[in-house]
Every structure is written in C-alpha cells, then in structure tokens.
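Student: Take one part of this model and look at it closely. I would like the pocket, and then the parts of the fold around it.

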Amino acid sequence: MTFDELSALRPDLAFIAHWVPNNAHVLDVGCGEGVMLQYLQSDKECSGYGIEIADDKVLASTHRGVNVIQQDMEKGLSIFGDNSFDTVLCLSSLQMMKQVEPLLRDIVRVGAEAIVSFPNFAYWPHRVALLKGRMPVSKSLPYQWYDTPNVRCATINDFRELAEECGLEVIECVALAEGKMVSVLPNLRGDLAVFRLRKKAVH
C-alpha cells in the first residue's frame, strides 16, 4: 500500500503514519482490518503485530499480510514485556474500552512511545447536537446512541489531564479535521484528537 492509497482511504492514518519511524517495531492495539500496519510494513519497512477481537477484522488483517493476535484488549497486554515495541498504536479504539486508564498505562509500558487517537467530543458540531437535545453523530462518531461501540466520551483537555495523572509525557498533541491538522481552536474545530505519548523520565 502506498502513501497516496492510505491518504485516500484513511487521511487520519496518513497523518499519524509520519510519527512512526522507518524500521520501527510496532504494536497496533485494535488494528481493525490492518490498514495501518499494512502500510507501515510495505512503505516504512516496519515489523510488528496487530491485536483485534472481531473475527471478520482478524481475517481481513491476515489477508493484508498483517500478523494479528486475536485477543480482547480489555484483558491488557500482559503477553508483552516492558519496552517490547518502538511504537504502540491505539487508534480510535481507546474510547471503546470500559477500563481506559489500565490499558493506557499498559500501552506505554510495552512501547517506548505510544500514539493514541479518539473522537473529540468537544468538536463544535457535537456541541451543537447536544444543544439541540440530541447525541452527536458525525464521521468520527458515526453511530447512533443505541448501537455505538463507544463507551467513553472525551475531549482533548480531558485526555491531557488523564495522561498527566498516569505520569505520561505528551510529546505532541494535534486535532484533525478530515485528516488535516487544525491549529486554531483545536478543541472546538477538530473532530479527532491525536496524542503522542511516552513515560516521563525518572530523575
């Protein structure tokens, strides 16, 4: 898969991919159909694994040539040792977890760096929907309230506070809209939040 193909298919993943160094050993937690790992393997010569629970997505990942482990992310990453990976990805998956904090701590335990993305609940169309008395539905939150897999709602500011409480350093934080970075009023104008994290150095 080329960068242009990834950009056309998932512009958000194309933006995030530039944070992953060439030849990195990568773990993709909640890898879905394996699109990101396929690109990283073919274009950036990365190696690694995906973790996914859904049978159809595991099959799709396998067809893309991705090494995928079928496992429930809620059970943690105990099969991996500390600092087993250069980069751990958790892209639009964390908000589906009942226990966010333990998984976030596990992600940065097994990786030197982590990249986490999630729908930004403070995005202005979401606020407008709530003002109208309705739950938001958008590209980043494409489900109705009664069939959504998302069990957590967060804003950029909320997640930054959680990262601080977990003893994590925020290396970079951006808001994306249609896969492009939003620099003005990001918590209001970005529909997807992306954080690049690592454990704080112990002095």
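Tutor: Start with the term. A pocket here is an open set of grid points, on a 1 Å grid over the protein atoms alone, where a 1.4 Å probe fits, with protein on both sides within 12 Å along at least five of seven lines. A residue belongs to the lining if it has an atom within 4 Å of one of the points. Keep in mind that this is a predicted model.

Now the pocket itself. The largest pocket holds about 1100 Å³ of space. Its lining counts 42 residues. Nearest its centre lie Arg10, Asp12, Leu91, Ser92 and Met96. Helix α2 supplies the largest share, three residues.

Look at Ser92 again. It is one of the residues nearest the centre of the largest pocket. Ser92 sits in the loop between β4 and α5 (100–110). Its phi is positive, about 55°, although Ser92 is not a glycine. Most residues other than glycine have a negative phi. Leu185 is another case, with a positive phi of about 50°, and it is not a glycine either. Leu185 lies in the loop between β7 and α8 (186–189). With a relative accessible area of 52%, Leu185 is exposed, because the cut-off for that class is over 50%.

Next, the sheet. Eight strands make up an open, mixed sheet, and the order across it is β3-β2-β1-β4-β5-β8-β6-β7. On average, neighbouring strands are turned by 25° against each other, direction ignored. Strands β1 (residues 25–29) and β4 (residues 85–91) pair in the parallel sense, over three bridges. Within this stretch, Asp28 stands opposite Leu89 of β4.

Two helices pack on the sheet. Helix α3 (residues 35–44) touches β1, β2 (47–52) and β4, and its direction makes about 170° with that of β1. Helix α7 (residues 156–165) touches β5 (111–119), β6 (168–177) and β8 (192–199). The direction of α7 makes about 165° with that of β6.

Then follow β5 into its loop. Asn120 is found there, between β5 and α6 (124–131). At 0% relative accessibility, Asn120 is buried. Leaving aside neighbours within four places in sequence, its contacts include His126, Ala154, Thr155 and Ile156. Asn120 also touches Pro186, Asn187, Gly190, Asp191, Leu192 and Ala193. Asp158 is 38 residues from Asn120 in sequence, and the two C-alpha atoms are 9.7 Å apart.

Last, the cysteines. A disulfide is a covalent bond between the sulfur atoms of two cysteines. The whole structure has zero disulfides. For Cys153, the closest cysteine sulfur is that of Cys90, 16 Å away, so the pair is too far apart for a bond. For Cys166, the closest is again in Cys90, at 13 Å, which is too far for a bond. The cut-off for a disulfide is a sulfur pair within 2.5 Å. Cys166 is buried, at 8% relative accessibility.

Key. Residues are numbered from 1 along each chain as its sequence is written. This is a predicted model: local features need pLDDT of at least 70, side-chain atom pairs count only at pLDDT 80 or more; totals for chains, interfaces and linings use all residues. Side-chain values use heavy atoms; hydrogens and water are left out. Buried means under 20% relative accessible area, exposed over 50%, partly exposed in between (1.4 Å probe, protein chains only). Two strands pair if DSSP finds at least two bridges between them. Helices (H or I, at least four residues) and strands (E, at least two) are DSSP runs, numbered from the N terminus. Axes are lines fitted to C-alpha atoms, for helices over the stretch in contact, and angles run from 0 to 180 degrees between N-to-C directions. Contact means heavy atoms within 4.5 Å. Grid points are joined across faces, edges and corners, and a volume is the space filled by probe spheres set on the points.
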